[in-house]
Protein chains: 2
Amino acid sequence: MAQPSQILLAHGSGGRLMHDLIHELFQHHFSNDILDELTDSAVISKLPDGDYDICFTTDSYVVNPLFFPGGDIGKLAVCGTVNDLAVVGAQPLYISCGFIIEEGLDYDTLAKIVESMAEVAKREGIKIVTGDTKVVEKRSADKLFINTSGIGLKPKQLQLGTQYVRPGDKVIINGTIGEHELAILLARGEFEFEARIQTDCAALTGLIQDVLKVTDKVKFMRDPTRGGLATTLNELVSGMGFGILIHETRIPVRDEVRAICEILGYDPLYLANEGKVVIVVAQEAAEPVLQVMREHPLGKDSQIIGEVIDEPKGKVILRTEIGGHRIIDMLTGVQLPRIC
Amino acid sequence: MAQPSQILLAHGSGGRLMHDLIHELFQHHFSNDILDELTDSAVISKLPDGDYDICFTTDSYVVNPLFFPGGDIGKLAVCGTVNDLAVVGAQPLYISCGFIIEEGLDYDTLAKIVESMAEVAKREGIKIVTGDTKVVEKRSADKLFINTSGIGLKPKQLQLGTQYVRPGDKVIINGTIGEHELAILLARGEFEFEARIQTDCAALTGLIQDVLKVTDKVKFMRDPTRGGLATTLNELVSGMGFGILIHETRIPVRDEVRAICEILGYDPLYLANEGKVVIVVAQEAAEPVLQVMREHPLGKDSQIIGEVIDEPKGKVILRTEIGGHRIIDMLTGVQLPRIC
């Protein structure tokens, strides 16, 4: 059946139009052996041999605008959930997607986003195995929201967590910060800058798996998304018997990002990233890890940005360019809404 | 930290306020060993021994209004996802929840819904193990949307699917149809009826597991939600080498539902249910299954409503009260939006 050029309420009502949408768009692009069964739950029977934990995560994506330099909500929705699995050390395998669509969304817009999701999933070797579509009236949602939940497998012997972090451990990041949030901000067209900053949105599984292959001394990983690097480091030290010292001069920030932040009064430390990971490793593993990260396309600007310290406990300290020290707190209040 | 009486954009920005919300509301009510780790992905290591398939499902809930007789969006969000797992024969175990909140939602409203989710999860022995919170600006969403994804385990030897269905098999439903959708419609206050119809929203795992204990002759199960019983039966026969004959006089419909449908011009066959399951079983198992279903609180009005027939293939035929026959098609167009 030919699809109307816009999404109608009837696309969400469970009837013929929804079934056609599922077959002609979603199944067409996402097709795989598990999804194609179209059962109420995906039935996954092919798990690899070995001793694994199942990892499970969810994220809703409400980014505005839907398309921005370097990505779109679909790419973000797959990469973001993949990264939440990757940073706990899992191999992401299966993803669900739930669409909440505002009545009147162009069919072609939805199709482009679905293609984008399919492309990332294919490249990352991930199967989209189950989904759901809801359509709400005009002005009951803003164009499109996507939830992706993901399942991955982590070898049981891989133990990560703040409880393994010790003073002396090194803090590494795989590149420059702040690009995703600024890319979204500029894509909204509220400012006129020549700079065309692209999101750093990327799936980090390959980079992270490379790291896990060279060492068993990784203690903790997290992707600094909403709230930025500052918030992620604060989450890491919160309530723990150690602090973190980071060095302003070692934190990779692109010149354009720095310049725009200065004009707009933003701090890159609090800007969201979508292709970055903070890795805490034992001191002796820091250099080999840095080297393997720099050999990966997503890690060529990797830096050791700081270390875990004894005192002050539970605090993140920034050693500034001119040699001062200041406490970096978690983000309070709102910086930008709907960046992811 | 004391929470503001309304949800602010800052509750979604990744900073302090979001962390407090997660700890004071979500973790407070949902607390369990896996969730409490608060890692980027839930790490699930305690799977039972035995030979199981992993089942995985997702659903977004956008029901309007948030509260209605017999339930609310939180109860619906847990029961709905539990049921999608239960009907493939799985024991639901773990659930994720993703909240998309409109700025300005009353904190107490959110808290009530979270309590409702926690209550169902507890009663059903399910752990809410991972979550996500997004807040969008006023008028970018309507109050609250919830996505729940779920993981369950199904014994590998349990094989269900349309490919096992054969002419002669019986079609059973566990009770009266149409209540959920009418309850939502009436709760919107657009009509003035004395009748106070309650949603049938319920988690079906117990009932379904009781059935699976008495027979290995179950062929197929599905919960007739959006599009109602008519659509579910059409999905079952679509493209298959058999049809289904159902008998109007055997389909359980409450008198109030029938009366309101007559006034408003709705057909109960197309109304959504949230606590019903259609079970197809081999003829010889129909009576024992019916009996065990009727012993369960959610199945006391169970009926054998029809049977699988040779011809016409791919069609659902209704034998009407007066003895005529008509083809029952899938829902086309929209009946009511935002019922789930």
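**Exercise 1.** In this predicted model, determine the handedness with which α4(A) passes α7(A), then describe the contact.

*Solution.* Step 1: α4(A) passes α7(A) in a left-handed crossing. Step 2: on the side of α4(A), the contact is made by A:E179, A:L182, A:L185 and A:L186, and on the side of α7(A) by A:V257, A:I260, A:C261 and A:L264. Step 3: sorted by class, this contact of α4(A) with α7(A) has seven nonpolar residues, no polar ones and one charged. Step 4: helix α4 covers residues 179-187 of chain A and helix α7 covers residues 255-264 of chain A. Their axes come within 11 Å and cross at roughly 60°. Step 5: angles of 65 to 115 degrees count as roughly perpendicular and those under 35 as roughly parallel. The two helices α4(A) and α7(A) are therefore oblique to each other.

**Exercise 2.** Describe the packing of helix α2 and helix α3 of chain A.

*Solution.* Step 1: helix α2 (residues 73-86) and helix α3 (residues 107-124) of chain A pack at about 35°, and their axes are 7 Å apart. Step 2: the crossing of α2(A) and α3(A) is right-handed. Step 3: A:I73, A:G74, A:K75, A:V78 and A:C79 from α2(A) meet A:I113, A:S116, A:M117, A:V120 and A:A121 from α3(A). Step 4: the residues of this contact of α2(A) with α3(A) comprise seven nonpolar, two polar and one charged.

**Exercise 3.** Which rotation superposes chain A on chain B?

*Solution.* Step 1: a rotation of 180° with 0.0 Å of shift along its axis does so, with an RMSD of 0.0 Å. Step 2: the two copies are thus related as by a two-fold rotation axis. Step 3: the C-alpha of chain A nearest the axis belongs to A:A141, 2.0 Å from it. Step 4: both copies use the same surface, since 100% of the contact residues of chain A recur in chain B.

**Exercise 4.** Where do A:P65 and B:P312 lie, and what kind of peptide bond joins A:N64 and A:P65?

*Solution.* Step 1: A:P65 is in the loop between β2 (52-61) and β3 (67-68) of chain A. A:N64 and A:P65 are joined by a cis peptide bond with omega of about 5°. Step 2: B:P312 is in the loop between β12 (303-309) and β13 (316-319) of chain B. The bond from B:E311 to B:P312 is cis, with omega near -5°.

**Exercise 5.** Is A:R338 buried or exposed?

*Solution.* Step 1: A:R338 lies in the segment after β14 (325-327) of chain A. Step 2: although not a glycine, A:R338 has a positive phi of about 55°. Step 3: buried means under 20% relative accessible area. At 4% relative accessibility, A:R338 therefore counts as buried.

Conventions. Residues are numbered from 1 along each chain as its sequence is written. Chains are lettered from A and ligands numbered from 1 in the order in which they are written. This is a predicted model: local features need pLDDT of at least 70, side-chain atom pairs count only at pLDDT 80 or more; totals for chains, interfaces and linings use all residues. Side-chain values use heavy atoms; hydrogens and water are left out. Axes are lines fitted to C-alpha atoms, for helices over the stretch in contact, and angles run from 0 to 180 degrees between N-to-C directions. Helices (H or I, at least four residues) and strands (E, at least two) are DSSP runs, numbered from the N terminus. Angles under 35 degrees count as roughly parallel, over 145 as roughly antiparallel, 65 to 115 as roughly perpendicular and the rest as oblique. A crossing is left-handed if the near helix is turned anticlockwise from the far one by less than a right angle, and right-handed if clockwise. Contact means heavy atoms within 4.5 Å. Ala, Val, Leu, Ile, Met, Phe, Trp, Tyr, Cys and Pro count as nonpolar, Asp, Glu, Lys and Arg as charged, and the others, Gly among them, as polar. Copies are superposed by least squares on the C-alpha atoms of residues with pLDDT of at least 70 in both. Buried means under 20% relative accessible area, exposed over 50%, partly exposed in between (1.4 Å probe, protein chains only).
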